[in-house]
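Biologist: I would like to learn how to read side-chain contacts and a ligand site from coordinates. Can we go through one example step by step?

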Amino acid sequence: MLVSQSACAKLILLGEHAVVYGFPALAIPFSSLRVRASVEPDFTSAPGTLTITPPEKEAQRLKNPEAVTDLIKKACEMTLRTLNLSQAPTCVVRVRSEIPFASGLGSSAAVSVAVARALSAFLGHPLPVEEVNAVAFQTEQITHGSPSGIDNTVIAYEQPIFFQKTQTPMGVHPGKAFTFLVADSGVQKSTMETVSRLAQRRTDSPQEVEPVLTQIGSLAQPGLQALEEGDEARLGSLMNQNQALLASLGLSCEALDRLIEAALSAGAIGAKLTGGGQGGHMLALVPESAVSPVKSALKDAGSPHVYVTTLKPAEG
Ligand code: PMV
């Protein structure tokens, strides 16, 4: 029987990169963009043959398209290991993604989460969320090097979170609805590359990089408060500070700068890159009245895809 499961994309509101060095960060699920994984029995292949069908079109846009098949394979291996199974089932694992790869939206963690959910359910032992999260983190460690764990956590739980490495992630309860526009810069960038470049820069010039990481790390706590109090102006200002700090570390790029400037000029309260940077997506906090002008401004500034997403207030 065919089993199908999905996982969402994510947005980092504050704190990317600094989160790798143990500072706190804030992230939210981006539920309308998803990866879907399906698993079905294969009656024609030899026993123990697990066949992977990656999202061809999306993978072809990458410099290294085989990386997607490797990622799915690793997620399958980690899932089987978690279930204490030494032999793979005879099946086909098919992955389809609406989340663009290498674009700051957590595509690789979403693939791992969707695969762990679908394969474990196919085997009759659907993994609980903590174990799905652990499988995705282990897979990220193999495919990405030194992930902070924020992507797999926000995607596995599909909840807004305040995240700090080695601490239990904390759920965030927004005090009101916040609307964000998310725009593609059209530039693909591997997160492994931006993270390792920053690591090199930190080794070469610690006195330059450390204080900036500390300043980025100091934004998440007031950001949490702003979200929970429904303070749009404060959150927007923190996002702008975060962008200036990330740009000073060389993590922005011309295309992102152009989109950020366009969003702010058209009425966004705050705007910044989201995820690994040097390409990928930007994120703008926008009052309801400015959604349409900011969307047009982002398209006019050259973004090939602009999305709208609303973070709903906590119930009760
Ligand atoms: O580019 P993405 O979606 O993989 O996000 C990366 C976020 C970083 O903070 C740059 C890395 C990490 O592991 O937290």
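Modeller: This is a predicted model. Start with Ser185, where a polar atom of the side chain lies 3.2 Å from the backbone nitrogen of Val187. The Ser185 side chain also reaches the backbone oxygen of Gly280, at 2.7 Å.

Biologist: Where is the place of Ser185, and is Ser185 buried or exposed?

Modeller: Ser185 is in the loop between strand E7 (178-184) and H6. Burial is read from relative accessible area, with under 20% counting as buried. Ser185 has 10% relative accessibility, so Ser185 counts as buried.

Biologist: Now the ligand. How many residues surround the ligand, and which are the closest?

Modeller: The ligand is surrounded by 17 residues, and the closest are Lys10, His17, Ser148, Thr191 and Gly276. By class, this shell has seven nonpolar, seven polar and three charged residues.

Biologist: How much of the ligand's accessible area does the protein cover?

Modeller: On its own the ligand has 380 Å² of accessible area, and the protein covers 94% of that. The space the ligand takes is the largest pocket.

Biologist: Which elements give two or more residues to the shell?

Modeller: They are strand E1 (3-14), helix H5 (150-157) and helix H6 (191-204).

Conventions: Residues numbered from 1 in each chain as written. Predicted model: local features only at pLDDT ≥ 70, side-chain atom pairs only at ≥ 80, totals over all residues. Heavy atoms only, no water. Near = heavy atom within 4 Å. Areas by Shrake-Rupley, 256 points an atom, 1.4 Å probe, with all protein chains shown as cover. 1 Å grid on protein atoms, 1.4 Å probe; cavity = no way out; pocket = protein on both sides within 12 Å on 5 of 7 lines; lining within 4 Å. Sits in = over half its atoms within 2 Å of the grid points. Helix = DSSP H or I, 4+ residues; strand = E, 2+ residues; numbered from the N terminus. Nonpolar A, V, L, I, M, F, W, Y, C, P; charged D, E, K, R; others polar. Buried < 20%, exposed > 50% of the residue type's maximum accessible area, 1.4 Å probe, protein only. Polar contact = N/O pair within 3.5 Å; in protein donor to acceptor, adjacent residues only side chain to side chain.
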